[in-house]
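Try each task yourself before you read the solution.

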Amino acid sequence: MKMAKRLVEGEDYYLEGGLYVFTGKYLLERGYCCGSRCRHCPYPRAAQNEAVRRRLEGHPIRSPAEFEAALKAVEQ
């Protein structure tokens, strides 16, 4: 079983008004866009739009493999 990485404040996220804001570095390491419209999302706009669409339809992307499949669907 894979152990979850411990998040480091200032490197993986910072707090703003009591909310966690993930850094682009963390989001890129995570490996996929979740469709939450993260402030520092490093993924291309088309990929973000697809992730948002899926999230709003109730089928959010939850893994790098799902993200890759969604990207392929957008490219076709």
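**Exercise 1.** Find which elements of the chain have the lowest and the highest mean pLDDT.

*Solution.* Start with the score: pLDDT is the predictor's confidence in each residue, from 0 to 100. This is a predicted model, in which local features need pLDDT of at least 70, side-chain atom pairs count only at pLDDT 80 or more, and totals for chains, interfaces and linings use all residues. Residues are numbered from 1 along each chain as its sequence is written, and side-chain values use heavy atoms, leaving out hydrogens and water. Next, recall that helices (H or I, at least four residues) and strands (E, at least two) are DSSP runs, numbered from the N terminus. Helix H3 (residues 64-75) has the lowest mean, 87, while strand E1 (residues 13-16) has the highest, 98. Finally, look at the whole chain: the average is 93, and 97% of the residues score at least 70.

**Exercise 2.** Locate Gly-10 and decide whether Gly-10 is buried or exposed.

*Solution.* Gly-10 sits in the segment before E1. Its relative accessible area is 63%, so Gly-10 is exposed (buried means under 20%, exposed over 50%, partly exposed in between, with a 1.4 Å probe and protein chains only). Thr-23 is 13 residues away from Gly-10 in sequence, and their C-alpha atoms are 8.4 Å apart.

**Exercise 3.** Count the disulfides.

*Solution.* A disulfide is a pair of cysteine sulfur atoms within 2.5 Å. That rule gives zero. Cys-33 is in none, as its nearest cysteine sulfur, in Cys-41, is 3.8 Å away. Cys-33 is also buried, at 4% relative accessibility. For Cys-38, the closest cysteine sulfur belongs to Cys-34 at 4.2 Å, too far for a bond. Cys-38 is partly exposed, at 24%.
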